[in-house]
Amino acid sequence: MSMPGSELYFDPRIDFLGRLYCRLLGVPIVGLRIRARRLQQLLPTNASSILDAGCGRGVITRILSRCFPDAAINAIDADSSTQNANREISEKAGFNNCYFIDGDLTNHISPEQYDLIVSVDNLEHIQDDEKVLHNFYQSMQVAGNLVVHVPHYYRRWPILAWKLNFDVPGHVRPGYHLPELVEKIERAGFIIQKKGFSFGFLENLTNNISYLISGAEEKNRVLYVLVFPLLNFFSWIGSFTKPGFGAGVWVVATKV
(Lines give C-alpha, C1' and ligand atoms only; values in the text may rest on other atoms or scores of the structure.)
Protein backbone atom coordinates (compact mmCIF):
# COMPACT_ATOMS: atom_id res chain seq x y z
CA MET A 1 0.00 0.00 0.00
CA SER A 2 1.27 3.49 -0.82
CA MET A 3 2.34 5.74 2.03
CA PRO A 4 -0.06 8.67 2.63
CA GLY A 5 1.19 11.57 0.56
CA SER A 6 3.55 9.50 -1.59
CA GLU A 7 1.83 11.06 -4.60
CA LEU A 8 3.49 14.38 -3.65
CA TYR A 9 6.33 13.00 -5.75
CA PHE A 10 4.42 14.73 -8.55
CA ASP A 11 4.15 18.09 -6.75
CA PRO A 12 5.83 20.65 -9.05
CA ARG A 13 6.58 22.95 -6.10
CA ILE A 14 8.89 20.46 -4.35
CA ASP A 15 12.53 19.90 -5.32
CA PHE A 16 13.63 16.47 -6.56
CA LEU A 17 15.07 15.21 -3.25
CA GLY A 18 11.92 16.30 -1.43
CA ARG A 19 9.74 14.54 -3.97
CA LEU A 20 11.84 11.39 -3.71
CA TYR A 21 11.54 11.48 0.08
CA CYS A 22 7.75 11.68 -0.23
CA ARG A 23 7.76 8.79 -2.69
CA LEU A 24 9.62 6.58 -0.22
CA LEU A 25 8.17 7.64 3.15
CA GLY A 26 5.01 9.60 2.38
CA VAL A 27 4.31 13.17 3.39
CA PRO A 28 6.75 14.08 6.21
CA ILE A 29 4.34 15.96 8.47
CA VAL A 30 3.79 14.15 11.76
CA GLY A 31 0.55 15.95 12.67
CA LEU A 32 -0.99 15.26 9.27
CA ARG A 33 -0.11 11.58 9.49
CA ILE A 34 -1.67 11.39 12.98
CA ARG A 35 -4.88 13.03 11.77
CA ALA A 36 -5.03 10.79 8.71
CA ARG A 37 -4.77 7.63 10.81
CA ARG A 38 -7.53 8.79 13.14
CA LEU A 39 -9.74 9.78 10.22
CA GLN A 40 -9.47 6.33 8.68
CA GLN A 41 -10.73 4.83 11.95
CA LEU A 42 -13.82 7.06 11.80
CA LEU A 43 -14.90 6.72 8.17
CA PRO A 44 -18.08 4.82 7.24
CA THR A 45 -17.85 1.63 5.20
CA ASN A 46 -19.50 3.13 2.12
CA ALA A 47 -19.76 6.51 0.42
CA SER A 48 -20.53 7.56 -3.14
CA SER A 49 -20.43 11.38 -3.09
CA ILE A 50 -17.85 13.00 -0.81
CA LEU A 51 -16.85 16.52 0.14
CA ASP A 52 -13.36 17.15 1.52
CA ALA A 53 -13.97 20.56 3.09
CA GLY A 54 -10.75 22.54 3.21
CA CYS A 55 -8.47 20.08 1.44
CA GLY A 56 -5.13 21.94 1.66
CA ARG A 57 -2.39 19.81 0.09
CA GLY A 58 -4.95 17.20 -0.98
CA VAL A 59 -3.40 14.37 1.02
CA ILE A 60 -6.66 13.62 2.85
CA THR A 61 -8.55 13.85 -0.47
CA ARG A 62 -6.39 11.17 -2.01
CA ILE A 63 -6.68 8.98 1.10
CA LEU A 64 -10.45 9.22 0.64
CA SER A 65 -9.96 8.27 -3.01
CA ARG A 66 -8.10 5.12 -1.97
CA CYS A 67 -10.76 4.25 0.62
CA PHE A 68 -13.68 4.92 -1.76
CA PRO A 69 -12.39 4.35 -5.31
CA ASP A 70 -15.90 4.39 -6.81
CA ALA A 71 -16.96 7.65 -5.15
CA ALA A 72 -16.87 11.15 -6.64
CA ILE A 73 -14.82 13.41 -4.35
CA ASN A 74 -15.11 17.20 -4.42
CA ALA A 75 -12.20 18.85 -2.60
CA ILE A 76 -12.67 22.54 -1.84
CA ASP A 77 -10.05 25.06 -0.80
CA ALA A 78 -9.67 28.82 -1.18
CA ASP A 79 -5.99 28.67 -2.20
CA SER A 80 -6.07 28.57 -6.01
CA SER A 81 -2.33 27.92 -6.43
CA THR A 82 -2.51 24.90 -4.12
CA GLN A 83 -5.57 23.65 -5.99
CA ASN A 84 -3.73 23.94 -9.31
CA ALA A 85 -0.94 21.80 -7.88
CA ASN A 86 -3.49 19.33 -6.49
CA ARG A 87 -5.04 18.91 -9.92
CA GLU A 88 -1.65 18.26 -11.51
CA ILE A 89 -0.60 15.79 -8.80
CA SER A 90 -3.86 13.84 -8.98
CA GLU A 91 -3.81 13.68 -12.76
CA LYS A 92 -0.22 12.36 -12.86
CA ALA A 93 -0.80 9.94 -9.98
CA GLY A 94 -4.04 8.57 -11.44
CA PHE A 95 -6.58 9.82 -8.90
CA ASN A 96 -9.35 10.22 -11.44
CA ASN A 97 -12.25 10.58 -8.99
CA CYS A 98 -10.90 13.72 -7.26
CA TYR A 99 -12.19 17.13 -8.34
CA PHE A 100 -10.37 20.12 -6.82
CA ILE A 101 -12.58 23.22 -6.62
CA ASP A 102 -11.55 26.76 -5.73
CA GLY A 103 -14.07 27.96 -3.20
CA ASP A 104 -15.00 29.49 0.13
CA LEU A 105 -16.75 27.10 2.52
CA THR A 106 -18.77 29.92 4.05
CA ASN A 107 -20.51 30.27 0.66
CA HIS A 108 -20.44 26.70 -0.66
CA ILE A 109 -23.80 24.90 -0.63
CA SER A 110 -24.68 21.94 -2.85
CA PRO A 111 -28.16 20.92 -1.70
CA GLU A 112 -28.27 17.27 -0.55
CA GLN A 113 -25.36 16.26 -2.77
CA TYR A 114 -23.02 14.42 -0.39
CA ASP A 115 -23.36 11.27 1.67
CA LEU A 116 -20.01 11.93 3.39
CA ILE A 117 -18.49 15.28 4.38
CA VAL A 118 -15.03 15.33 5.92
CA SER A 119 -13.52 18.38 7.63
CA VAL A 120 -10.05 17.80 9.04
CA ASP A 121 -8.41 20.64 10.98
CA ASN A 122 -10.20 23.28 8.96
CA LEU A 123 -12.87 24.91 11.15
CA GLU A 124 -10.26 26.54 13.41
CA HIS A 125 -9.26 28.62 10.36
CA ILE A 126 -12.79 29.99 9.82
CA GLN A 127 -14.30 32.84 11.82
CA ASP A 128 -17.92 31.94 11.05
CA ASP A 129 -17.59 28.21 11.66
CA GLU A 130 -21.29 27.81 12.45
CA LYS A 131 -22.28 29.07 9.01
CA VAL A 132 -19.98 26.45 7.48
CA LEU A 133 -21.58 23.71 9.59
CA HIS A 134 -25.05 24.86 8.46
CA ASN A 135 -23.81 24.72 4.86
CA PHE A 136 -22.61 21.16 5.50
CA TYR A 137 -26.09 20.25 6.74
CA GLN A 138 -27.79 21.67 3.66
CA SER A 139 -25.28 19.91 1.39
CA MET A 140 -25.72 16.55 3.12
CA GLN A 141 -28.02 13.78 1.96
CA VAL A 142 -30.40 12.31 4.51
CA ALA A 143 -28.57 9.59 6.47
CA GLY A 144 -25.24 11.00 5.29
CA ASN A 145 -22.22 11.19 7.59
CA LEU A 146 -20.18 14.15 8.81
CA VAL A 147 -16.67 13.55 10.19
CA VAL A 148 -15.01 16.55 11.85
CA HIS A 149 -11.55 16.73 13.42
CA VAL A 150 -10.13 19.90 14.99
CA PRO A 151 -7.44 20.82 17.53
CA HIS A 152 -8.46 20.61 21.16
CA TYR A 153 -8.34 23.84 23.18
CA TYR A 154 -5.57 22.24 25.28
CA ARG A 155 -2.51 20.08 24.65
CA ARG A 156 0.25 18.58 26.76
CA TRP A 157 3.24 20.91 26.66
CA PRO A 158 6.10 20.19 26.68
CA ILE A 159 5.42 16.68 28.02
CA LEU A 160 2.98 16.48 30.94
CA ALA A 161 1.31 19.81 31.72
CA TRP A 162 -1.92 20.73 29.91
CA LYS A 163 -1.66 24.20 28.38
CA LEU A 164 -3.40 26.32 25.75
CA ASN A 165 -2.86 24.85 22.28
CA PHE A 166 -0.31 26.31 19.88
CA ASP A 167 -0.88 29.66 18.22
CA VAL A 168 -0.49 28.46 14.63
CA PRO A 169 -0.45 31.00 11.76
CA GLY A 170 -3.85 31.05 10.05
CA HIS A 171 -5.87 29.89 13.07
CA VAL A 172 -8.62 32.22 14.32
CA ARG A 173 -8.95 30.21 17.55
CA PRO A 174 -6.53 27.85 19.34
CA GLY A 175 -8.97 24.96 19.21
CA TYR A 176 -12.28 23.65 20.55
CA HIS A 177 -13.56 22.18 23.75
CA LEU A 178 -15.32 18.93 22.82
CA PRO A 179 -18.71 19.98 24.30
CA GLU A 180 -18.43 23.26 22.36
CA LEU A 181 -17.86 21.45 19.06
CA VAL A 182 -20.70 19.01 19.78
CA GLU A 183 -23.07 21.91 20.53
CA LYS A 184 -22.21 23.73 17.29
CA ILE A 185 -22.69 20.59 15.19
CA GLU A 186 -26.02 19.85 16.87
CA ARG A 187 -27.16 23.46 16.36
CA ALA A 188 -26.54 22.97 12.65
CA GLY A 189 -29.10 20.13 12.72
CA PHE A 190 -26.91 17.02 12.92
CA ILE A 191 -27.34 14.09 15.31
CA ILE A 192 -24.12 13.04 17.07
CA GLN A 193 -23.17 9.39 16.53
CA LYS A 194 -19.90 9.36 18.45
CA LYS A 195 -17.21 11.73 19.70
CA GLY A 196 -13.81 11.61 21.30
CA PHE A 197 -10.21 12.75 21.49
CA SER A 198 -7.14 12.17 19.35
CA PHE A 199 -3.46 12.94 19.87
CA GLY A 200 -2.98 10.76 22.93
CA PHE A 201 0.27 10.83 24.91
CA LEU A 202 2.66 9.36 22.30
CA GLU A 203 1.04 11.20 19.40
CA ASN A 204 1.07 14.46 21.36
CA LEU A 205 4.72 14.00 22.33
CA THR A 206 5.91 13.26 18.81
CA ASN A 207 3.88 16.15 17.44
CA ASN A 208 5.39 18.48 20.05
CA ILE A 209 8.90 17.45 19.00
CA SER A 210 7.88 17.99 15.39
CA TYR A 211 6.61 21.47 16.27
CA LEU A 212 9.81 22.35 18.17
CA ILE A 213 11.87 21.50 15.10
CA SER A 214 9.70 22.94 12.34
CA GLY A 215 7.66 25.63 14.10
CA ALA A 216 4.74 24.49 11.89
CA GLU A 217 6.44 26.50 9.11
CA GLU A 218 8.81 23.89 7.61
CA LYS A 219 11.87 25.27 9.38
CA ASN A 220 15.04 23.17 9.91
CA ARG A 221 14.07 20.89 7.05
CA VAL A 222 17.23 18.74 7.05
CA LEU A 223 16.93 17.91 10.76
CA TYR A 224 13.21 17.30 10.38
CA VAL A 225 13.49 14.79 7.54
CA LEU A 226 16.16 12.92 9.50
CA VAL A 227 14.04 12.48 12.64
CA PHE A 228 10.66 12.15 10.91
CA PRO A 229 10.77 8.33 10.42
CA LEU A 230 11.31 7.82 14.17
CA LEU A 231 8.63 10.33 15.14
CA ASN A 232 6.20 8.80 12.67
CA PHE A 233 6.87 5.29 14.02
CA PHE A 234 6.11 6.25 17.62
CA SER A 235 3.04 8.24 16.58
CA TRP A 236 1.84 5.13 14.69
CA ILE A 237 2.14 3.12 17.92
CA GLY A 238 0.10 5.83 19.64
CA SER A 239 -2.67 5.51 17.06
CA PHE A 240 -3.80 2.22 18.63
CA THR A 241 -4.84 4.01 21.84
CA LYS A 242 -8.21 5.61 22.60
CA PRO A 243 -7.28 8.66 24.65
CA GLY A 244 -9.74 9.98 27.21
CA PHE A 245 -8.24 13.43 26.73
CA GLY A 246 -5.95 14.65 23.95
CA ALA A 247 -4.72 17.53 21.80
CA GLY A 248 -7.32 16.82 19.11
CA VAL A 249 -11.09 16.31 19.21
CA TRP A 250 -13.38 14.62 16.71
CA VAL A 251 -17.09 14.13 16.12
CA VAL A 252 -19.02 11.81 13.80
CA ALA A 253 -22.58 12.94 13.11
CA THR A 254 -25.44 12.19 10.74
CA LYS A 255 -28.37 13.97 9.12
CA VAL A 256 -31.77 12.43 9.81
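Which residues of α8 are buried? They are Y224, F228, L231, N232, S235 and G238, where buried means under 20% relative accessible area, exposed over 50% and partly exposed in between (1.4 Å probe, protein chains only). The model is predicted, so that local features need pLDDT of at least 70 and side-chain atom pairs count only at pLDDT 80 or more, while totals for chains, interfaces and linings use all residues. Residues are numbered from 1 along each chain as its sequence is written, and side-chain values use heavy atoms, with hydrogens and water left out.

Helix α8 has 18 residues and reaches 24 Å from its first C-alpha to its last, close to the 26 Å expected at 1.5 Å a residue, the expected span being 1.5 Å times one less than the number of residues. Helices (H or I, at least four residues) and strands (E, at least two) are DSSP runs, numbered from the N terminus.

The structure holds 13 salt bridges, each a side-chain nitrogen of Lys or Arg within 4 Å of a carboxyl oxygen of Asp or Glu.

K184 is buried because its relative accessible area is 12%, whereas E180, at 26%, is partly exposed. D129, R173, E180 and K184 are linked in a network of salt bridges.
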